[in-house]
Amino acid sequence: MKNDIQIKNKRAYFDYHIIEKYNAGIALLGTEIKAIRQGKANMSDAFCMFIGNTLYVRNLHISEYSHSSFHHHDIKRDRALLLQKKEIKKLKVKGEEKGYTIVPLRIFTNERGFAKIEIALAQGKKEFDKRDSIKDRESKREMDRAMKF
C-alpha cells in the first residue's frame with residue numbers, strides 16, 4: 001500500500017496552540033475510504049466532540065466516490081473515532097476544561113492502508129497570537145528567499 005495520502009487542516013495550526021497530539025482510527029464506509037484515497041476530503045470546518053463516551057469528528061467533508069453506484073455515503077456525517085479508553089478519558093477531562101478543544105489535524109493512511117486521523121488537544125489563539133504567527137511566517141519566507149540568492 002502506498003502511504004502518500006496526507007489531507008491536512010492548515011486552519012487548525014493558525015487558529016490554535018497545539019498542546020498534545022493523538023492518532024486515532026476512523027469508522028468509515030467503503031466509499032468513504034476510496035474517496036479519501038483519491039484525496040477528496042476537506043477538513044477546514046471539522047471539529048471533534050463527545051456524544052456519550054464516544055468521540056466523533058463532525059463536519060468532515062468527504063466527497064462522493066466517483067465510481068460508486070447509487071449507494072452513496074452522506075458527505076458530512078458524524079464519524080466515530082477509535083481510541084483507547086485511557087486516551088478517551090484523558091481527552092474528555094481535558095476537553096471539558098475552559099479554553100481547550102479537540103481539533104483534527106490531518107488524515108493519513110498507515111502502512112496497512114487503514115485511514116487514521118491525527119487529532120490534537122488545542123487551546124484557541126488570541127488575535128495578537130495570530131498576527132505573531134503571520135509575522136513569523138513572513139520573516140521565515142524572507143530568510144528563505146535571501147538564502148536562495
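A residue is called partly exposed when its relative accessible area lies between the 20% under which residues are buried and the 50% over which they are exposed. In the predicted model described here, Ala-27 has a relative accessible area of 31% and is therefore partly exposed. Ala-27 sits in the loop that joins strand 2 to helix 2. Leaving aside residues up to four places away in sequence, Ala-27 touches Glu-32, Arg-77, Arg-79, Ala-80 and Leu-82. Ala-27 and Ala-115 are separated by 88 residues in sequence, while their C-alpha atoms are 8.9 Å apart in space.

The protein as a whole contains four helices and nine strands. Read from the N terminus, these elements follow the order β-α-β-α-β-β-β-β-β-α-β-β-α. Along the principal axes, the C-alpha atoms occupy a box of roughly 50 × 40 × 25 Å. Of the 149 residues, 35% are buried. Among contacts with a separation of 6 or more, 67% are made by residues 24 or more positions apart.

In soluble globular proteins, nonpolar side chains tend to be buried together. The largest nonpolar core in this model has 25 residues, and those touching the most other members are Leu-55, Leu-81, Leu-83, Leu-91, Ile-117 and Ile-119. At least two residues of this core come from each of strand 2 (16–26), helix 2 (30–37), strand 5 (54–58), helix 3 (85–95), strand 8 (100–109) and strand 9 (115–124). Another core, of five residues, lies apart from this one and includes Ala-12, Val-103, Leu-105 and Ala-122. Within the largest core, Leu-55 was examined for its neighbours. With residues up to four places away in sequence not counted, Leu-55 touches Cys-48, Met-49, Phe-50, Arg-79, Ala-80, Leu-81, Leu-83, Leu-91, Ile-102 and Ile-119.

Strand 2 also holds Ile-18. The relative accessible area of Ile-18 is 27%, so this residue is partly exposed. Residues up to four places away in sequence aside, Ile-18 touches Ala-12, Tyr-13, Leu-105, Ala-120, Leu-121 and Ala-122. Between Ile-18 and Thr-101 there are 9.9 Å from C-alpha to C-alpha, at a distance of 83 residues in sequence.

Helix 4 comprises 22 residues (127–148), which should span 32 Å at 1.5 Å a residue; the C-alpha atoms at its ends are 32 Å apart, in agreement with that value. Asp-129, Lys-130 and Ser-133 are buried in helix 4. These residues cover an arc of only 105 degrees around the axis and therefore lie on the same side of helix 4. The face turned away from the buried side carries exposed residues, namely Glu-127, Lys-135, Met-143 and Ala-146. The buried residues of helix 4 pack against helix 1 (10–15) and strand 2.

The largest pocket has a volume of about 160 Å³. Its lining consists of Lys-10, Arg-11, Tyr-13, Phe-14, Ser-133 and Arg-137. Helix 1 and helix 4 are the elements that contribute two or more residues to this lining. Helix 1 supplies the largest share, with four residues.

Definitions and conventions: Residues numbered from 1 in each chain as written. Predicted model: local features only at pLDDT ≥ 70, side-chain atom pairs only at ≥ 80, totals over all residues. Heavy atoms only, no water. Core = buried A, V, L, I, M, F, W, Y, C linked by side-chain atoms within 4.5 Å. Buried < 20%, exposed > 50% of the residue type's maximum accessible area, 1.4 Å probe, protein only. Contact = heavy atoms within 4.5 Å. Expected span 1.5 Å × (residues − 1). Arc of directions from axis to C-beta. 1 Å grid on protein atoms, 1.4 Å probe; cavity = no way out; pocket = protein on both sides within 12 Å on 5 of 7 lines; lining within 4 Å. Points joined across faces, edges and corners; volume = space filled by probe spheres on them.
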